[in-house]
Amino acid sequence: MMLSGSLFKLTPTLTDNQHRRLRRLFEGISLWLAVLLMLFVHPLYAEARQDGTESAGLLRFVDDGGRWQEPAIILDSEFDVRVNGLIAESRLSRRFRNASDRWREGVFVFPLPDNASVYGLTMKVGERTIVGKVRPRAEARKTYETAKASGRHAASVEQQRSNLFTARVANIPPGKTIAVELRFQQPVDYRSGVFELRLPTTLMPRYIPGKPITEQPQEWQGGWAVPTDEVPDAGAISPYTVRAGDVSDISHRASIRMAIDAGLPLARVFSPTHRLETRLDGQKVEVQPEGGKMLMNRDFVVRWQPMAGQEPTAAVFHQRWHEKDYLMAMVVPGKASGRVLPRELVFVIDTSGSMAGESIRQARSALQRGLNTLRPNDRFNVIRFNSQTHALFMQPEMANGNNLARARGYVDRLHADGGTEMAPALAMALQTQESQSEKPAGLVRQVVFITDGAVGNEAALFDQIRQQLGDRRLFTVGIGSAPNMHFMREAARWGRGVYTSIQDASDVSGPLEALFSAMEAPVLTDIQVQWPSPAESGGGAVNSTESLPARPGDLFQGAPLVQVTQGVAPAGLLKVSGKLPGGKIWERSLDLQQAASASGLHRHWAREKIDSLLDEAKTSGQEPDKPFITALATGHGLMSPYTSFVAVDATPARPISEPLATDSLPTLLPAGSASSMLRYPQTATIAPLLTALGLTGLMFAVAIGLLQRRTTA
């Protein structure tokens, strides 16, 4: 309106006819501009809304001309898994097919099992196979970049987290495929009479706390997150997350073949995540997802259960590698005495945006089940967190009917939004309102942490748990179709508790009942493990033995003790002892001559050794011994935080005159997640949309002002 008034004031000497003609001209121009802007705004608005998300700035892949594009690289994956006893060895083949007419570099950030040991890389180009080598990380990166610049085919794999890796494939010709084959092994989980193996295929976008930093990051970047002072490698761990419909209809699919030799007659094989096709033959079974290939949008979990009465109470395996003996032992303690101690139980539930959708429903259900386990003599509290932290009570209250009713109503009203600020919630849950001398006799303090673990600052949170835990035990419950199991497992380990995970609503009851049963009381404390000396077993030099983990910690109902040692021959007795609730001593001896042959034990020992060195560095506040860890990893052919695999073809393929484009492959949004968790490339923002809307409004205002002025004239 101010603009229209000013325009008329600029023409005081015009005649009435000239005045009318000029006014009609402005009216016409304003209306035509408004119509044109509406035509321009409509497609912008449609593009911003077509993904169904209400978040700003999350538009699609767009080319230089603004046209919607699928990723140029088509991804195909194949898992071939062999389980023998307590170790699973996997071959993961990823095929990168360049569907464009330009030379491409493919970059893919992907998860692996959090306890996986990666020990091999090969690259296949046509009929040729190039075997990769493990190198110090900086050297491997330089080798890859040199090969990429010279036009040669090359592949590298780096470790970003214990369960997060980045694959790079350089110089993929137009219309051609390059395959990268990764080999890794992982220990099989055993809990409450059931074995379990988990293969992650995607990951939940992680919350990145801290202030953005301006320094150029040392690591390769390429994700949606900006590096911060708390997560300086945020860009390397934040791949774009899209729906299955945003990639080619033949991309991001995986086939899985699993062959299990359990060593025990099996009663059943099942999965909480997928329908299975199985062929069971005694103690051996072949497993694959029903229907062949599966979408890579949730973890693939397989469980197998021995026949009744065949559950293992102890097992030992042996491998001789490079003139050294390696032994792995599993001992399952007996059941608890049934003595129940009063508890102070604090439930912490993640209500951040990443939990929206099916995850928050599972979390509420898990928490309600936890409330049902409380007894009248117990005290409890409920803490929720997202960007803010809030507690139901000022301090833990008695589990009487009134307080439990308030808690159940509080839990029913929880919904998910906001950030994932875990540190304040952990601090509130671990704070102590009373001195140790005021603590009631026999009181057991426990914290149940229910989350998807979608954070990027895991190391800082582990350090906080270690420093603030006190006499508490921390138990973690992983929620969702692709939880961060590295966070779940390590947080529980630092918290001297156990972890569990829930894949979907139908999987809530079994794992949680096992967890809450275990929480009632530890089965064994003050555990001592005594391996025979090298002299007793006829093994190697006296100083070469080392057993890991060095401190087994407490054992809970259904959870076995698993330890691996180097330098002890399969002879003599392994002795395990501990203290039962009430103070009675429990002992068991295991004849090592009964050890079954196995492979991969040396890698498992080396991975445990590397983890223990990294833990010692965190505990002492010192820098890790990088040279020793690098030497240990290269000696056992393993990937680590300081070593990477790289494979380079000898013959140049891309003419230097041909340009090379880089394609960062997205991961699929985990099943059951809310649309707000989509993370598309920031090829555009809604700023043009807002600008256009503003101009449209201004033009309409001018037009309406002119029309009103003519009406009143």
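Visitor: Over how many bridges do strands β20 and β30 pair?

Guide: The model under discussion is predicted. Strand β20 covers residues 324-331, and within this pairing Met 328 has Val 564 of β30 as its bridge partner. The two strands pair in the antiparallel sense, and the number of bridges is 6.

Visitor: Which residue in β30 stands opposite Ser 547?

Guide: Strand β29, residues 546-548, also pairs with β30 in the antiparallel sense, over 3 bridges. In β30, the residue opposite Ser 547 is Thr 565.

Visitor: How many residues of β30 are buried?

Guide: Strand β30 spans residues 561-566 and is mostly covered. A residue counts as buried under 20% relative accessible area. Of the 6 residues in β30, the number buried is 5.

Visitor: What is the omega of the peptide bond that joins Leu 548 and Pro 549?

Guide: Pro 549 lies in the loop between β29 and β30. Most peptide bonds are trans. The bond joining Leu 548 and Pro 549 is cis, with an omega of about -5°.

Visitor: Is His 322 buried or exposed?

Guide: His 322 is placed in the loop between β19 (314-321) and β20. Although His 322 is not a glycine, its phi is positive, at about 50°. Exposed means over 50% relative accessible area. His 322 has a relative accessibility of 59%, and therefore counts as exposed.

Visitor: What is the relative accessible area of Glu 323?

Guide: Glu 323 lies in the loop between β19 and β20. Its phi is positive, about 65°, although Glu 323 is not a glycine. Glu 323 is exposed, and its relative accessible area is 66%.

Visitor: Which residue in β32 stands opposite Gly 578?

Guide: Strand β31, residues 573-579, runs antiparallel to β32, and 7 bridges join them. Opposite Gly 578, the residue in β32 is Trp 586.

Visitor: How many charged residues does the contact of α8 with α11 have?

Guide: The right-handed crossing of α8 past α11 brings Glu 490, Arg 493 and Trp 494 of α8 to meet Asp 615, Lys 618 and Thr 619 of α11. By class, this contact has 1 nonpolar and 1 polar residue, while the number of charged residues is 4.

Visitor: How many of the 10 residues of α8 are buried?

Guide: The buried residues of α8 include Met 485, Phe 487 and Trp 494. Helix α8 is largely enclosed by the rest of the structure, because the number of its residues that are buried is 9.

Note on methods
Residues numbered from 1 in each chain as written. Predicted model: local features only at pLDDT ≥ 70, side-chain atom pairs only at ≥ 80, totals over all residues. Heavy atoms only, no water. Left-handed = near helix turned anticlockwise from the far one by under 90°. Helix = DSSP H or I, 4+ residues; strand = E, 2+ residues; numbered from the N terminus. Contact = heavy atoms within 4.5 Å. Nonpolar A, V, L, I, M, F, W, Y, C, P; charged D, E, K, R; others polar. Buried < 20%, exposed > 50% of the residue type's maximum accessible area, 1.4 Å probe, protein only. Pairing = 2+ DSSP bridges.
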